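Here is a look at side-chain contacts, charged and aromatic. Have the model open while you read.

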Amino acid sequence: MVCDRNCGLIAGAVIGAVLAVFGGILMPVGDLLIEKTIKKEVVLEEGTIAFKNWVKTGTEVYRQIWIFDVQNPEEVAVNSSKIKVKQRGPYTYRVRYLAKEIIKQDSETHTVSFNQHKGAIFEPSLSIGTENDTFTVLNLAVAYNNTADGVYKVFTGKDNISKVAIIDTYKGKKTFSYWPSYCDMINGTDAASFPPFIEKTRVLQFFSSDICRSMYAVFGSEINLKGIPVYRFILPSMVFASPLQNPDNHCFCTEKTISKNCTLYGVLDIGKCKGGKPVYISLPHFLHASPEIAKTIEGLNPNEEEHSTYLDVEPITGFTLRAAKRLQINMLVKPAKNIEALKNLKQNYIVPILWINETGTIGNKKAEMFRHQVTEKINLLGLVEMISLSVGVVMFITFIISYCTCRSKKVK
């Protein structure tokens, strides 16, 4: 009986040890299996999950536009007063991103070239106002141009997964020809996806053709999006900071007068890429901008929650599952003696015209598919690993202690 009991305890300890070892081995092996599968499926080539969703996303994207209606144009023209604006909107459009027009797939350079066509349909039920509303504003056609985007050439990641979706050229060029030095470079992806296995310390670089420059986002927080754990990356204030705050921005300051010798922050002069028109870009309501810029405007209420830009990225695949791009279009107005409406102005104004909130979120059907194909499998593997390791360790310790106790009683 004693032998049977001791043998049973030893057998239990052995089984526990085997389970613990299995759980320990499964961790690196499981991680390698996940890594191998992800590396295969995120490559931008026909037959992969990434390619299918990349060619036609199927994500519903909405563009909300708020117009800044000037309330006192005559007073400003006569007395150079503060400009009083009233935000009107949103005017909501459903953006239809059509299937990418694949122009060329190059197996030698591991790149794919494409055009991105899109259209917009006004959504009255999601809008406050109609397209026939009237405003007192500057020329909107100058400020916003909604045309087809491309040609892009991006890396497929076939030879190097760390380059997947990164832009090689835009319209056949690696630079814009608008900015001096490295500010002119086209960096990162188009923000729809990033190379996989994202760490919180990574800086996500992406290119925005709307404002003719590359930007970046940094980790902000962990979010649960429709049952999928994602990392929220936010556009930091340092992106539009002055060279005094962020020396890396020195080449984005291309004029000295309006920028007060490059000391103003929170706005970017993009006139060179808008045909020489005096267009400035900023975050909505001059969020994170110099107080001096907003002091000539009355009626602005900046806040982080409504006016910041962010990307919710699934860290294992690098797919962006939700995004909010929020930018404001402004125009520079200066005194001009030969123009009746401007001849009495005594100061420069950077006048807000409109701000745009373009948001896109993974649909419920695709979220369910993603959970089934990625999240649940990873969670299940992690659960098996932890249960095997934990149960194994507990069994091993329990049976060893029991065996030692029995042995000590026998000796006595």
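## A salt bridge out towards solvent

Lys 343 has a relative accessible area of 39%, so it counts as partly exposed. (Buried means under 20% relative accessible area, exposed means over 50%, and partly exposed is in between, using a 1.4 Å probe and protein chains only.) Glu 340 comes out as exposed, at 59%. The side chains of Lys 343 and Glu 340 meet in a salt bridge, 3.2 Å from N to O. For that label, a side-chain nitrogen of Lys or Arg has to be within 4 Å of a carboxyl oxygen of Asp or Glu.

Before going further, a word on the source: this is a predicted model, where local features need pLDDT of at least 70, side-chain atom pairs count only at pLDDT 80 or more, and totals for chains, interfaces and linings use all residues. Residues are numbered from 1 along each chain as its sequence is written, and side-chain values use heavy atoms, with hydrogens and water left out.

The salt-bridge count comes to 13. One of them joins Lys 153 to Asp 168, with the closest N and O atoms 3.5 Å apart. Lys 153 is in strand 6 and Asp 168 is in strand 7 (residues 167-170), so this pair ties together parts that are 15 residues apart in sequence. (Strands are DSSP runs of E, at least two residues, and helices are runs of H or I, at least four; both are numbered from the N terminus.) Lys 153 is partly exposed at 24% relative accessibility, while Asp 168 is buried at 14%.

## Aromatic rings

How many aromatic pairs does a search of the whole structure find? The search gives 13. (Rings of Phe, Tyr and Trp, taking its six-membered ring, pair if their centres lie within 6.5 Å; planes under 30 degrees apart are stacked, over 60 edge-to-face, and the rest tilted.) Tyr 152 and Phe 207 pair edge-to-face, 6.2 Å centre to centre with 65° between the planes. Tyr 152 is in strand 6 (residues 149-155) and Phe 207 in strand 8 (residues 204-208), 55 residues apart. Tyr 152 and Phe 207 are both buried.
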